[in-house]
Amino acid sequence: LLQKCIISCMIKIKWYGTASIMIDTDGEKLLFDPFFRWNKKLEKPSLEEFCNVDMMLNTHPHLDHTCDLPKILASTDAVLFAPPQTIECMKKYGVDEEKMMVIHPSEQIKTPNTLIKIHESKHVKFDFWLILKTVFRVIFTFQFKDAIKLLKLNRKFKMKNQIYAYEILADNKKIFLMGSTGKMKNYKYPTDIDILVLPFQGRSNMARYSLSIIEKIKPKTIILDHFDDAYPPITKHIDTSKFIKLMKDKHPEITVIEPRYSEGIDI
């Protein structure tokens, strides 16, 4: 029965900024890492848009993946599936335990239209040059108060190496969605992936850095996310053109998509 459901579905992927991804499988909506970007120059979804979903999933408890969950969960019937640390964080913010479900690597979630496999993952390590550039950006833009405020708030959303990636099977397609682009040594990444959702922020050499992961997974298509200037001055918009050129040179068989806000990508 599950296989028949999977075969009959149509898939649409939407990017709502940062790591917020909506996967719509024939009307069944799965929302990953919802976050309302703080940059006033950027578009934001309405609360209703984030609430009108069937299920929410979280990759890890960092600020830009978690801080808006209490507000969203208070206004939706959807249940949050998340790592234990995210669940514990949400309890501190008063989220009803009945609205949340703890999940672990190697487990699977079945929905009417999909099969979701939970993978252990790793957060990208910020390199020295990225940190140095961020410090100088804060200094030269005189945004000390905003930076300090963000750093203080970020302490409330700590992560202790607990981060997930999700493999979503629907319509005979495989989507592998990562919450961060950390490298896993000796880890057997899933193969035969049709769509890799790849976070593109966290390293000064992000194009070269992510290449080794891509070459292990060998996806047919890459959809980039997390490349936007979601909460300045800590973040900045990442130019993806070098990566796109590198992929054309190294792997022309792989399609790379830099999504536009809220525009559906048909799979």
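Which residues is Leu57 in contact with, leaving aside its neighbours within four places in sequence? With contact meaning heavy atoms within 4.5 Å, the list is Leu30, Leu31, Phe32, Asp33, Leu80, Phe81, Ile109, Ile116 and Tyr166.

Before I continue, a word on the basis of these values. The model is predicted: local features need pLDDT of at least 70, side-chain atom pairs count only at pLDDT 80 or more, and totals for chains, interfaces and linings use all residues. Residues are numbered from 1 along each chain as its sequence is written, and side-chain values use heavy atoms, with hydrogens and water left out.

Leu57 belongs to the largest nonpolar core, which has 77 residues. By nonpolar core I mean a set of buried Ala, Val, Leu, Ile, Met, Phe, Trp, Tyr and Cys residues joined through side-chain atoms within 4.5 Å. Buried stands for under 20% relative accessible area, exposed for over 50%, and partly exposed for values in between, using a 1.4 Å probe and protein chains only. The members that touch the most others are Phe32, Met56, Leu57, Tyr166, Ile222 and Phe243. Helix H8, residues 206-217, supplies the largest share of this core, namely seven residues. Helices (H or I, at least four residues) and strands (E, at least two) are DSSP runs, numbered from the N terminus. As general background, nonpolar side chains in soluble globular proteins tend to be buried together.

I turn to Leu31, one of the contacts of Leu57. Leu31 lies in strand S3, and it is buried because its relative accessible area is 0%. Leaving aside neighbours within four places in sequence, its contacts are Ile21, Met22, Phe50, Val53, Met55, Met56 and Leu57. Its C-alpha atom is separated by 12 Å from that of Tyr166, 135 residues apart along the chain.

Met22, in turn, is found in strand S2 and is buried, with a relative accessible area of 5%. Not counting residues up to four places away in sequence, Met22 touches Leu31, and also, among others, Lys12, Ile13, Glu49 and Val53. By contrast, the C-alpha atoms of Met22 and Phe144, 122 residues apart along the chain, are separated by 34 Å.

Next, the helix packing. H8 and helix H9, residues 241-250, pack at an angle of about 45°, with their axes 10 Å apart. H8 is therefore oblique to H9. Here the axes are lines fitted to C-alpha atoms, for helices over the stretch in contact, and angles run from 0 to 180 degrees between N-to-C directions. Angles under 35 degrees count as roughly parallel, over 145 as roughly antiparallel, 65 to 115 as roughly perpendicular, and the rest as oblique. The contact is made by Ala207, Arg208, Ser210, Leu211 and Ile214 of H8, together with Lys242, Phe243, Leu246, Met247 and Lys250 of H9.

Lys245 also lies in H9; it is exposed, with a relative accessible area of 54%. The C-alpha atoms of Lys245 and Ala207, 38 residues apart along the chain, are separated by 9.5 Å.

Finally, some backbone features. The peptide bond from Pro232 to Pro233 is cis, with omega near 10°, and Pro233 is placed in the loop between strand S12 (221-225) and H9. Thr18, although not a glycine, has a positive phi of about 55°. Thr18 sits in the loop between strand S1 (11-15) and strand S2 (21-25), and at 1% relative accessibility it counts as buried. Asp26, also not a glycine, has a positive phi of about 55° and is found in the loop between S2 and strand S3 (28-32).
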